[in-house]
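This report describes parts of one protein model in plain terms. Please look at the sequence and the structure before reading on.

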Amino acid sequence: MDPVSNLEDYICQKHERPLDLFCRDDQTCVCSICTVTDHKNHNTVPIEEEREEKKTELMKTQKDVQLMIQNTIKKIQDVKHSAEVRKRNTEKEKAARVELFTDLIRSIERRQTELLEMMEEQQKAAEKQEQELIEELEQEITELKMRNTELEQLSHTEDHLHLLQIHSSLCSPRNSRNWPEISMKTHESLETLRRALTQLKDTIDEKLTLTELKVMQQYAVNVTLDPDTAHPDLILSDDGKQVRDGDIRQKLPDKPERFDTCPCVLGKEGFSSGRFYFEVQVKGKTEWDLGVARESINRKGEITLSPSDGYWTVALMNGDEYEACEDPSVSLSLRVKPQRVGVFVDYEEGLVCFYDVESSSHIYSFTAQSFTE
């Protein structure tokens with residue numbers, strides 16, 4: 001029997017852990033840990049203990065695998081749930097859009113019918129006026145022809161006494177009538193049409209924006225202001241829903257996240273995916289800036305509100321001057337002064353939209369942005 005087999009049998013009989021062996025040229029079995037043939041100094045592990053260790057390790061690995069399976073199954077369920085929610089939301093949006101455009105089509109058809117009826121009535125009124133004028137002009141021609149005949153007859157009369165008697169009445173100038181001018185211009189009808197189409201366009205825009213707002217408001221989130229970020233001049237309400245400038249610097253700890261120069265405050269809530277919407281009441285304010293910002297923005301010293309610096313905002317200055325804080329800034333012309341501003345963000349689409357909630361009108365949108373926080 002070869003030396004390896006003898007040694008392995010011996011170890012197995014002793015219930016000890018076999019050592020890794022290798023054979024030298026002289027066929028002597030030597031431990032791979034050392035080069036001596038005597039292995040008595042080596043610590044050996046009973047097979048039962050090793051078996052338990054292996055078993056425990058296998059069970060732990062199995063639990064890890066099972067946990068990975070559960071996590072993967074949950075991930076699949078989350079993806080399916082997300083897909084179902086997206087599908088339901090899409091169906092809702094499609095239904096809302098169909099309803100909207102159905103109403104718009106009906107409105108357009110109604111306005112078209114009203115406009116055509118109005119133009120038809122105007123045409124009939126003009127035709128009636130023209131016909132009456134033609135009849136009066138024809139009557140005038142008849143009277144003039146009769147007078148011309150009388151004058152022709154008198155020019156050949158030999159009765160000079162009679163001619164002298166009627167001369168003054170026949171030869172006196174007749175009062176000319178002020179006939180209305182006939183105009184072929186249709187500018188009044190075109191102006192009426194322009195006004196009607198403008199009104200229709202405004203109605204369509206308003207309904208579209210209102211529908212957009214309703215869709216976006218489905219993604220409304222609860223936002224509270226973070227006192228740890230608030231500039232010392234700012235006073236926050238206890239519920240974190242209101243902020244005002246107190247004009248007096250409060251003694252607050254200078255935390256890394258606190259603004260120390262510009263009177264700003266951030267919300268506690270942050271988002272790194274999906275869509276979200278919130279509203280800010282700005283009624284009665286003469287100056288404000290609002291929107292969203294990166295978490296890593298600089299809080300110290302003077303700051304610049306622009307996308308390149310991590311801010312997507314709109315602002316009111318001097319009581320009536322509105323601008324989108326682009327680089328450079330974009331002046332905004334608003335029909336009415338917003339009382340409540342809605343902010344919608346689509347993280348994956350890189351979209352930030354601002355709306356006047358009260359008038360259901362669009363204020364401004366930042367598009368094709370890249371969000372990484």
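Four strands form an open sheet in the order S6-S7-S8-S9, with antiparallel pairing. Strands here are DSSP runs of E with at least two residues, numbered from the N terminus, and two strands pair if DSSP finds at least two bridges between them. The edge strands, each pairing on one side only, are S6 (288-293) and S9 (330-332). From one strand to the next, the twist averages 20°; angles run from 0 to 180 degrees between N-to-C directions, and the axes are lines fitted to C-alpha atoms.

The model is predicted: local features need pLDDT of at least 70, side-chain atom pairs count only at pLDDT 80 or more, and totals for chains, interfaces and linings use all residues. Residues are numbered from 1 along each chain as its sequence is written, and side-chain values use heavy atoms, with hydrogens and water left out.

S6 and S7 (residues 311-317) pair in the antiparallel sense over six bridges. In this pairing, Val292 stands opposite Trp312 in S7. Thr313 also has its place in strand S7. Is Thr313 buried or exposed? Thr313 counts as buried because its relative accessibility is 5%, where buried means under 20% relative accessible area, exposed over 50% and partly exposed in between (1.4 Å probe, protein chains only).

Leu266 lies in the loop between strand S4 (243-245) and strand S5 (275-281). Leu266 and Val292 are 26 residues apart in sequence, and their C-alpha atoms are 8.5 Å apart in space.

The table lists some contacts (heavy atoms within 4.5 Å), leaving aside residues up to four places away in sequence.

| Residue | Contacts, among them |
|---|---|
| Thr313 | Leu290, Gly291, Val292, Phe354 |
| Leu266 | Thr224, Phe259, Ala293, Arg299 |
| Leu290 | Val280, Trp312, Thr313, Val343 |

A nonpolar core is a set of buried Ala, Val, Leu, Ile, Met, Phe, Trp, Tyr and Cys residues joined through side-chain atoms within 4.5 Å. The largest such core has 22 residues, and those with the most contacts inside it include Trp288, Leu290 and Val314. Elements giving two or more residues to this core include S5, S6, S7 and strand S10 (340-346). Apart from it lies another core, of eight residues, among them Tyr219, Tyr277 and Cys353. Cys353 is buried, at 4% relative accessibility.

A disulfide is a covalent bond between the sulfur atoms of two cysteines. With a cut-off of 2.5 Å between the sulfur atoms, the count comes to zero disulfides. The sulfur of Cys264 is too far for a bond, because the closest cysteine sulfur, in Cys262, is 5.3 Å away.
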